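Please look at the sequence and the model before reading on.

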Amino acid sequence: MIMAVNSQQIADRQAMEKIINRYPPERRFILAIMQDLQKHLNYLPKEALKMTADHVNAPMTVIFSMATFYKAFSLVPKGRVVLKACDGTACHIKGSNVLIDEIYSCLGIKPGETTADGDFSLETVNCLGACALAPVLVANGKVYPKVTPAALRKIINEYRGQDNDSNTSE
Amino acid sequence: MTQTQVNNPDKRMILVCCGTGCLANGSGPVYEAFCHALEGNDQFEVETFAKATGCNGLCEKGPLVKILPDDITYCHVKEEDVSEIVEQTLLKGELVNRLLYRDPATKQYYRSHHDTNFYKKQHKVALRNIGEIDPTAVQDYLDRDGYRALKKAVKTMTPGEVVEEVLKAGLRGRGGGGFPTGLKWKACASTDDPQRYVICNGDEGDPGAFMDRSILEGDPHTVIEGMIICAYAIGASAGYIYVRDEYDLAVKNLICAIEKAKKCGYLGKNILESDLSFDIEIVRGGGAFVCGEETALINSIQGNVGEPWDKYVFPTEKGLWGHPTVINNVETWANVPVIVNFGAEKFASIGTEGSKGTKVFSLVGKVVNTGLVEVPMGTTLREIIFDIGGGIQNGRKFKAVQTGGPSGGCIPENLLDLPVDFDNLSQAGSMMGSGGLIVMDDRTCMVEVARYYVNFLASESCGKCVPCREGISLLLEILTRICEGKGTMEDLDLLESMSSTIQQAALCALGRTAPNPVLSTLKYFRDEYLEHINNHRCPSGVCKDLTEFYIDPELCTGCGRCRRNCPADAITGEKKKTHVIEISKCIKCGECINNCKFQAVKVK
């Protein structure tokens, strides 16, 4: 088991190095490097920040301030299923706040949070440009148009059902 | 409508809209199904092929499929309809009537989208190619006058003449500020510093606006061409396109377009055998709204946190890495080739005295035809919302239209005949912004809308200056209090005085315009604030703490629609008898009121 974790860590490190080395060691590429790292790992572990800092020869404070300033980055791992509720204006006036409340009552998470079992994360996004389909919910990249509270419960159950081994919390 | 014979063309194109809205509606599989059905099919009399295009604008009816040159438009096309279209239209030359556009008011069917009210009143300049071309094929762009403006500029005009032309056209920045584009160029060109930059601001962050995304996705070459023309005019050697990382398709199409432009010799060294050398690099934004502000955006490109700086000196003098920089928004760039191609006078003949040309709006919210529209400046809000947009959904009542994004304001019904341009909107207490038009009906609470925008701005404030960071948080606190029924009359005064402080003291435009949603709703919808404060009631039934729904027994027909749609099982009643809402179970989601066809569900 420990061996597996270590080899995973090594693999992660190699992958991170590969991503970072695609960019010249200049500060102006910090954002791009971290975006690619985030895409690969789903979040930015401390190791990733350190390696970025070393690569561009900048202090950790600079990297950390970038990682916390830009909305695209997360310093904690995200859930197996990432729910993105669009809260653009069109979605908002068509009831996205109702959906966000419903997600809270179903899963107990607010925007930016992850369920204790690591199954679901909730994020709000500002506009997906699919305003004709408002309110829109995206679950692991799949777009669900005109979501009602009833439809939302179905979607959540659908993704819950995919993983029978771990029972999700109330 | 009878079945009409389709003309016999030499070549047929099936244009499948693959804009964001249509893709989300499933146009990807429709396109693939067409490709599959057409591939190796030798039954056609003429060469027939399918193309994936950018957004056509009428997202409400997506996925859209256009057949050219027959000029047939099909709406809501599903994968399973493809074989019927191939069979009926492409082989037999007959229309599939059920897929044609049907006017919601007149119930009439239309063969071509051009004849519909939605398109008839539009005038496409910035969006001229979108929906007509494959954005990944440079030849498509060239076939529609692409890079002709660049050739004209480089071969027949001096840089100074190009600047003059843009100045004469009266083009104003489409990103929000409305600053004359030609003046920016002129200021930059007249500096002593030989190192100059061109930037495209594609950090479209307004919730409810997606015109820049559509342009970048559907016609990336027009933006690139606009930037190269500017580079020639001001003598820049490098350009940057700052685009939101979330816009995957836009980034992909831009990368592809830049590569192709390089291959064609429009980018790189000695462009069109001239002395002009210019390259463009893409920078993906990190998802911070403030980066739409030009100095914050420049900071972000330089690899810093995206905080703005005070503009004692404009970026046209000291911008990117301290050098003179022209920064324009995506839609602005898309207008540049048109101005150079057809002349400033032609461009300036469209629009109003102070605002020339057209403006793209994303018409969204409670409107029938949700989508992207482009109209001449000076078109009235009523024409946009009711003629083009088809009016309010579900026959409800219009309440307000919000323009200008989070920094804009809400415009009430009595100003619907306002001709839309930069100056009129500012006078009405709102702004043009990037062009979001969010239509609101009587089910939209204006206090909650103000709270929504302020909440957005509070979380997007970069925190650098105190009036913005603390002031907006305070506005949010007060508005939340009012929405929860805990507001007092003193709160209204506090909202006004705090707003005035923020307007005067904040560092950048984000802060200075942040009170607009509060002030415009206070101005036009003060009675709603008073209802919340004095009567603890949300007349629109949105603020949950102040809402109670009930069913009017006089109007209820017992159809059961509300009961079936209630996610909380809070509605009981037998068929054809009056239904009742059980208050203790009600989660106040409003599904009942939204679904009732008899307006029997009401807000207490």
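Angles between axes under 35 degrees count as roughly parallel, those over 145 as roughly antiparallel, those from 65 to 115 as roughly perpendicular, and the rest as oblique. The axes themselves are lines fitted to C-alpha atoms, for helices over the stretch in contact, and the angles run from 0 to 180 degrees between N-to-C directions. Helices (H or I, at least four residues) and strands (E, at least two) are DSSP runs, numbered from the N terminus.

The model is predicted: local features need pLDDT of at least 70, side-chain atom pairs count only at pLDDT 80 or more, and totals for chains, interfaces and linings use all residues. Residues are numbered from 1 along each chain as its sequence is written, while chains are lettered from A and ligands numbered from 1 in the order in which they are written.

**Helix pairs in chain B**

Helix α18 (residues 466–483) and helix α19 (residues 489–505) of chain B have axes that come within 10 Å and cross at roughly 160°. Therefore α18(B) and α19(B) are roughly antiparallel to each other. The crossing of α18(B) past α19(B) is left-handed; a crossing has this hand if the near helix is turned anticlockwise from the far one by less than a right angle, and is right-handed if clockwise. Residues that make the contact include Leu474(B), Leu475(B) and Ile478(B) of α18(B), and Leu494(B), Leu495(B) and Met498(B) of α19(B). Here two residues are in contact if their C-beta atoms, placed from the backbone, lie within 7 Å.

A second pair is formed by helix α7 (residues 159–169) and helix α8 (residues 181–189) of chain B, whose axes come within 7 Å and cross at roughly 150°. That makes α7(B) roughly antiparallel to α8(B). The crossing of α7(B) and α8(B) is left-handed. Among the residues in this contact are Val163(B) and Val166(B) of α7(B), and Trp185(B) and Lys186(B) of α8(B).

The table sorts the residues of both contacts by class. Ala, Val, Leu, Ile, Met, Phe, Trp, Tyr, Cys and Pro count as nonpolar, Asp, Glu, Lys and Arg as charged, and the others, Gly among them, as polar.

| α18(B) with α19(B) | twelve residues | two residues | two residues |

**Two sheets in chain B**

Four strands of chain B form an open sheet in the order β2-β1-β3-β4, with mixed pairing. Two strands pair if DSSP finds at least two bridges between them. At the edges are β2 (47–53) and β4 (72–74) of chain B, each pairing on one side only. From one strand to the next, the twist averages 20°. Strand β1 (residues 11–17) of chain B pairs with β2(B) in the parallel sense over seven bridges, and Lys11(B) has Glu47(B) as its bridge partner in β2(B). Helix α2 (residues 27–38) of chain B lies across β1, β2 and β3 (65–68) of chain B and runs at about 165° to β2(B).

Another open sheet of chain B has five strands in the order β12-β11-β15-β13-β14, again with mixed pairing. Its edge strands are β12 (371–376) and β14 (409–412) of chain B. On average, neighbouring strands of this sheet are turned by 30° against each other, direction ignored. Strand β11 (residues 358–365) of chain B and β12(B) pair in the antiparallel sense over six bridges. In β12(B), Val375(B) is the bridge partner of Lys359(B). Helix α15 (residues 381–388) of chain B runs at about 135° to β12(B).

Chain A has six helices and four strands, in the sequence pattern α-α-α-α-β-α-β-β-β-α. Its C-alpha trace spans about 50 × 40 × 25 Å along its principal axes. Domain bounds come from an automatic or database domain assignment, which gives domain 1 (2–69) and domain 2 (81–161) for chain A. The C-alpha centres of these two domains of chain A lie 29 Å apart.

How many residues of chain A are in contact with chain B? There are 34, and they meet 40 residues of chain B. On the side of chain A that touches chain B, α5(A) gives the most, with six residues. By class, that side has 21 nonpolar, nine polar and four charged residues.
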